[in-house]
Amino acid sequence: MKTMKKKVFTTVLACFMACLMFSMPVLASSNYFTKSTAKLNAMDGNVSAIKSFTSGSVSGTNPKITQVKVYLNVASGTDPFTFYLKSPEGTVAELYPSTKSGTYYITDFNGENPSGTWYVQIENQGITYDPNKLYPASTVTPSVTVTYSY
């Protein structure tokens, strides 16, 4: 009797696994990397230093970017700024984000190869809403997540 129960259980389990395997959609392989940079500081209408980061090892022989997500950790009291992100292929995307921390999605790089060195920079827009400030200033720490298929 115990042998019969084991055989039935094994058969049912095997059928369930086979049905599950054949009913699951096939997805393209995908991978990602996330990089954060040092703080970017700009004031009085000027630009920050340019910070760079590398993709590290990228899987596959023909990787293509499918999504770029940027989280901007904006310091309290930051004045309006423009954020620039440059891909290894040389494409530059501009964001005009809020002066509050937030997540932004960039589609400018879709289809490009993610492998190589990326660059970030901010530009202070030269505007301040605080009458107590001598100069407008912006401070931002970006974190970039690049998702790609291969």
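Lys133 counts as partly exposed because its relative accessibility is 25%, where partly exposed lies between buried (under 20% relative accessible area) and exposed (over 50%), with a 1.4 Å probe and protein chains only. The model is predicted, so local features need pLDDT of at least 70 and side-chain atom pairs count only at pLDDT 80 or more, while totals for chains, interfaces and linings use all residues. Residues are numbered from 1 along each chain as its sequence is written, and side-chain values use heavy atoms, leaving out hydrogens and water.

**Salt bridge**

- A search of the whole structure finds one salt bridge, meaning a side-chain nitrogen of Lys or Arg within 4 Å of a carboxyl oxygen of Asp or Glu.
- The side chains of Lys133 and Asp79 form a salt bridge with an N to O distance of 3.0 Å.
- Lys133 sits in the loop between E8 and E9, and Asp79 in the loop between strand E4 (64-74) and strand E5 (81-86), so the pair ties together parts that are 54 residues apart in sequence.
- Strands (E, at least two residues) are DSSP runs, numbered from the N terminus.
- Asp79 counts as buried, because its relative accessibility is 4%.

**Strand pairing**

- E4 and E9 pair in the antiparallel sense over ten bridges; two strands pair if DSSP finds at least two bridges between them.
- Val74 stands opposite Val140 in E9.
- E4 and E7 also run antiparallel, joined by five bridges.
- Leu72 has Gly102 in E7 as its bridge partner.

**Tyr96**

- Tyr96 lies in the loop between strand E6 (92-95) and strand E7 (102-106).
- Its relative accessibility is 56%, so Tyr96 counts as exposed.
- Leaving aside residues up to four places away in sequence, Tyr96 touches Phe81, Thr82 and Gln125, where contact means heavy atoms within 4.5 Å.
- The side chains of Tyr96 and Glu94 make a polar contact at 2.4 Å. Such a contact is a pair of N or O atoms within 3.5 Å; within protein, one must be able to donate a hydrogen and the other to accept it, and residues adjacent in sequence count only if both atoms are side-chain atoms.
- Tyr96 and Tyr84 are twelve residues apart along the chain, and their C-alpha atoms are separated by 9.1 Å.

**Surface patch**

- Met43, Leu134 and Tyr135 make a nonpolar surface patch of about 340 Å². Patch residues have over 30% relative accessible area and no salt bridge, and nonpolar side chains (Val, Leu, Ile, Met, Phe, Trp, Tyr) are joined within 5 Å.
- Leu134 is in the loop between strand E8 (117-124) and strand E9 (137-149), and counts as exposed because its relative accessibility is 71%.

Note on methods:
Patch = residues over 30% accessible without salt bridge, like charges linked within 9 Å, V, L, I, M, F, W, Y side chains within 5 Å. Areas by Shrake-Rupley, 256 points an atom, 1.4 Å probe, with all protein chains shown as cover. Helix = DSSP H or I, 4+ residues; strand = E, 2+ residues; numbered from the N terminus.
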